[in-house]
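Here are some brief notes for a first look at this structure. Please read them with the model open beside you.

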Amino acid sequence: MSTTVAPPPKKVNRIGLEVLNYKGAKSTLCAGCGHNAISERIIECFYEMGIPPWRVAKFSGIGCSSKSPAYFLGLSHGFNAVHGRAPAVGTGAILANRNLLGLTVTGDGDTASIGLGQFCHMLRRNIPMIYIIEDNGVYGLTKGQFSATADLGSKLKTGVANELPAMDCCLLGIELGATLVARSFSGDKRQFQAILKAAIVHQGLAVIDVVSPCVTFNDHEGSTKSYAYMKDHDEPLQQLDFVPAFEEISVEMEEGEVREITMHDGSRIVLRKLGKDYDPTDKMRAVQALHEATQSGHVLTGVIYADTGRPTFIDQLNLVDEPLATLPEERVRPSQAALDEIMEELR
Ligand SMILES: Cc1ncc(C[n+]2csc(CCOP(=O)(O)OP(=O)(O)O)c2C)c(N)n1
Ligand code: SF4
Ligand SMILES: [Mg+2]
């Protein structure tokens, strides 16, 4: 007599989807590229947070990093823009449909060189969006030239040293108006997951600069964006945990050891003190900490700055609650009387 064994029930998240529903195409990036690890974390976090993938709109520019949205959230909307133009395209899409969850994934070249102007204006506007910079210090796709985030004195494989000071996208983010600013390392799974989950619920622009080594062009001795350099110079600001609003977990606290940031939906970022006391809501302190790290050659990681009070561009524009894109024609077309009134004023 043969017995049939029922297959084990499929593991699903709180909206009934499997992790498979959050994957994308198979990566064509180099094995070991930091960008692949970031894609993995995006898949895990959106699955664990139970975000419907079709609510997400992915934006990118041009580069190995900008190719990566093809490798996660295959059921989401996606727009692969011209080099450095993801912020403008993302801004337009999010303003047209405020129900979308914007996720931009770009590179350091895309953001800090050709797209710098676009990035700056996105920061000023505090567009509700997750903006991940896969930062390897080089233009990976065009064979490893220094990018604007390459550190002064860091060396190419050929031995050529970078003679220009680095642009710090976190510093720029804080200065110009992003409201959640963090740095992480593609090799630090736990830290990046906590930051990404916080960014998913944040109402405002979350800029996450992730050091993501390019194994083909920038992972040698003399590079400051290599796995080995990050192993020795990563200086986490705090140990991070993220407690989503749908999970009622109480965190045991020792006085002075733990600080919490409560997000708009009631989720919490739990920041456990490591060494120095650090308050990420203090803008001046955040700027100072980044300057100190540059001077000492350390890479500060963790939540660097958080402001949960600043209005987003959508609030500032006083947009209606429904997405503009789905408003019926009678609500977007001015009446003949309104047009006549305008014409009368111009007379
Ligand atoms: C308008 C324009 N200028 C230049 C290029 C050439 N180009 C393609 S990708 C790239 C840089 C990519 O670097 P980064 O954004 O850091 O991505 P990575 O490949 O390192 O992940 C450049 C300069 C282009 N595609 N379009
Ligand atoms: S060239 Fe560098 S950045 Fe591009 S896929 Fe390969 S390792 Fe990644
Ligand atoms: Mg790059």
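1. Start at one pair of residues. Thr 262 stands opposite Arg 268, which belongs to strand E12. Keep in mind that this is a predicted model.

2. Now widen the view to the strands around that pair. E12 covers residues 268–273 and pairs with E11 in the antiparallel sense. Five bridges join E11 and E12.

3. Next comes the whole sheet. It is open and has three strands, in the order E10-E12-E11. The pairing is antiparallel. E10 (238–243) and E11 (258–262) stand at the edges. Each has a single partner strand, so one side of each is left without a neighbour in the sheet. From one strand to the next, the twist averages 20°.

4. Move on to the magnesium ion, ligand 3. Which residues are its protein donors? They are Asp 108 through OD, Asn 136 through OD1 and Val 138 through O. These donors lie 2.1 to 2.2 Å from the ion. Along the chain, the donors follow the spacing D-x27-N-x1-V.

5. The site brings together distant parts of the chain. Asp 108 is in helix H4 (residues 108–114), and Val 138 is in strand E5 (residues 138–139). Asp 108 and Val 138 are 30 residues apart. Are they buried or exposed? Both Asp 108 and Val 138 are buried.

6. Look at the oxygen atoms of ligand 1 in detail. A polar side-chain atom of Ser 65 lies 2.7 Å from one such oxygen. For His 35, an N or O atom in the side chain is 2.9 Å from an oxygen atom of ligand 1. Cys 64 uses its backbone instead: an N or O atom there lies 2.9 Å from a ligand 1 oxygen.

7. Finish with helix H6, residues 169–176. Its buried residues include Cys 169, Cys 170, Leu 171, Gly 173 and Ile 174. At the start of H6, a side-chain oxygen of Asp 168 reaches to within 2.9 Å of the backbone nitrogen of Cys 170. Just after H6, Gly 177 takes a positive phi of about 130°.

Note on methods: Residues numbered from 1 in each chain as written. Chains lettered and ligands numbered in written order. Predicted model: local features only at pLDDT ≥ 70, side-chain atom pairs only at ≥ 80, totals over all residues. Heavy atoms only, no water. Pairing = 2+ DSSP bridges. Helix = DSSP H or I, 4+ residues; strand = E, 2+ residues; numbered from the N terminus. Axes fitted to C-alpha atoms, helices over the stretch in contact; angles between N-to-C directions. Donors = N, O, S within 2.8 Å, 3.2 Å for Na, K, Ca; no water. Buried < 20%, exposed > 50% of the residue type's maximum accessible area, 1.4 Å probe, protein only. Polar contact = N/O pair within 3.5 Å; in protein donor to acceptor, adjacent residues only side chain to side chain.
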